[in-house]
Amino acid sequence: MLSTQLLHREWTAFRRPGRLIALAVAAFIVIAMGLVFTSTVDCGDPCPVAPTAADGSIVNDQFWFHHRDLGPNGVITVRMTSMTGTITYPPPNHDQIVSGLVPWAKAGIIIKDGVRQGSSYAALMMTGHHGVRMQDGYRHDIAGSAGGLSPGSPRWLRLTRSGDTIAGAESTDGRSWQTVGTVRLAGLPETVQAGLFATSPGDLTLREVGLGGAIEEVRFTQATGVFDHVEVTGDRNVAGASGGKWRSEAVGGMNHTDWEKYHTASGTVEKDGVISVSGTGDIGPSEGGMTVTTALFGLVIALIIVLVVAARFGARSGTPASRPVLAARAVVAGGAIFVAGLIAVGVAVTLGLAILTGKGVNLQPLSPVTGARVVIGLATVLALCGVLAYGIGVLLRRGWAAILLALALVAVPYTVAALPLLPDTVAQWLLRLTPAAGFAVQQTALEYPQVTAHYAPSAGYYPLPGWAGFAVLCAYTLAVLWPAAKRTPAGPPANWR
């Protein structure tokens, strides 16, 4: 066990003005660049307000809704005979369209707490490529039967409300029903809206840039569902004079883009008992909204400074050290970097998010626990990166070589993976196999199977969860410190006091 006397001595040796100034500069850069970047964010005046769910998370909630009132107990049943769609043609032919459905285009039936964006709902639907699904709460997705549908092979859909409980079922003939799922929507009012809907998220394509990296491009799409045998039964005790009257409207903005103005507007068409509903948008979680990493723009520069300081410290002080002294120096260097990182990241995140909130910028919610995890986790990762660089310096005994190797192992993978420079698969493997994997502790964005998005490091998605990335960094640090310790004597030098 390291003595207090030994740690104090090594701290006295470590705290040279040059090292402390370098760590202070690193902390200042993180704070200053975070404040500058967040201060220059311009989302308009005023910033557009994104829909939020009951938990405060930003969601997508845009679709065409043909609906009527439904009381505390009731059933809506439809037969769906067709689902078609259109997708804008890739450039340069922007004025052309092709027929087709994106994988998560949706059309079906929905029960919703009014027409407010972000209000609770449960929906049973056909999708473009994923068969029947039941979704609720913007995050939850239950798979039903696979396959598509056609006039010769229709699909019957049914939602049953019993208070706060919504049950979804499907059938191929309208007689034999199979339950897809049952959900509870706490706090539903006595009267809700039930009806038909259609929506279609943008078609995500990737354009190659750099050395094989990719940036996202989104094409406009639209979906149309065709229904008949529409029946609403059950409790008719609904508030208002329009209890049984159908209404048709957009939830969220629609029919405002040039595409919809000059091509095909979303809406509802009724003829001879057949109802066609066309819509665009999505219902589900949103990857939009800025995250905590927005305020950490200067982190990579601070990382480079930390690696240089720690590698030079190891190369200059490691050669004559005993194992206890080697360990004490690693603890002192790591502790100093941890404190500097904790102050830098904590201040940058706190002030940066406060600036963005004051501007009205849409932010993904950050709980105190998650915020603490990001701040403490990043400070710990910076400290471990410093200890790793220190160990490399002890092993190589040459400052320039240790600096180059530390930068190649940590800073270069972290930087190139964060930029759309390399192919996504290469960037993902870099963040699996190098010490830069540890920076996964800062990820707050979530990946949803039912949402088509660019889940790549350049978009803020790490291939490993935070704990696994941290474990990779720890393994590298131990792999360097162990041989460094083996090369030094077990006890203190003879002249040590």
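Author: The model is a predicted one, and the values below are computed from it. The partner of Glu217 is Arg207, and their side chains meet in a salt bridge with an N to O distance of 2.7 Å. This pair links distant parts of the chain, 10 residues apart: Glu217 belongs to strand β14 (residues 213–219) and Arg207 to strand β13 (residues 203–209). Arg207 is likewise partly exposed, since its relative accessibility is 40%.

Salt bridges with shared partners also join Arg9, Glu10 and Arg329 into one network. By the distance rule applied here, the count of salt bridges comes to 14.

Among them is the pair formed by Asp61 and Lys112, whose closest N and O atoms are 2.8 Å apart. Here too distant parts of the chain are linked, with Asp61 in strand β1 (residues 59–61) and Lys112 in strand β5 (residues 106–112), 51 residues apart. Asp61 and Lys112 are both buried.

A further salt bridge brings together the side chains of Asp173 and Arg175, at 3.8 Å from N to O. Asp173 has 29% relative accessibility and therefore counts as partly exposed. Arg175 reaches 67% relative accessibility, so that residue counts as exposed; the cut-off for this class is over 50%.

The helices remain to be considered. Two packed helices are described by the angle between their axes and by the distance between those axes. For helix α2 (residues 17–40) and helix α5 (residues 323–359), the axes come within 9 Å and cross at roughly 10 degrees. Because angles under 35 degrees count as roughly parallel, α2 is roughly parallel to α5. The residues of the contact of α2 with α5 comprise 16 nonpolar, four polar and one charged.

Helix α5 itself contains 37 residues, and the span from its first C-alpha to its last is 53 Å, close to the 54 Å expected at 1.5 Å a residue. After α5 comes Gly360, which has a positive phi, near 85 degrees.

Conventions:
Residues numbered from 1 in each chain as written. Predicted model: local features only at pLDDT ≥ 70, side-chain atom pairs only at ≥ 80, totals over all residues. Heavy atoms only, no water. Axes fitted to C-alpha atoms, helices over the stretch in contact; angles between N-to-C directions. Helix = DSSP H or I, 4+ residues; strand = E, 2+ residues; numbered from the N terminus. Parallel < 35°, antiparallel > 145°, perpendicular 65-115°, else oblique. Nonpolar A, V, L, I, M, F, W, Y, C, P; charged D, E, K, R; others polar. Expected span 1.5 Å × (residues − 1). Salt bridge = Lys/Arg side-chain N within 4 Å of Asp/Glu carboxyl O. Buried < 20%, exposed > 50% of the residue type's maximum accessible area, 1.4 Å probe, protein only.
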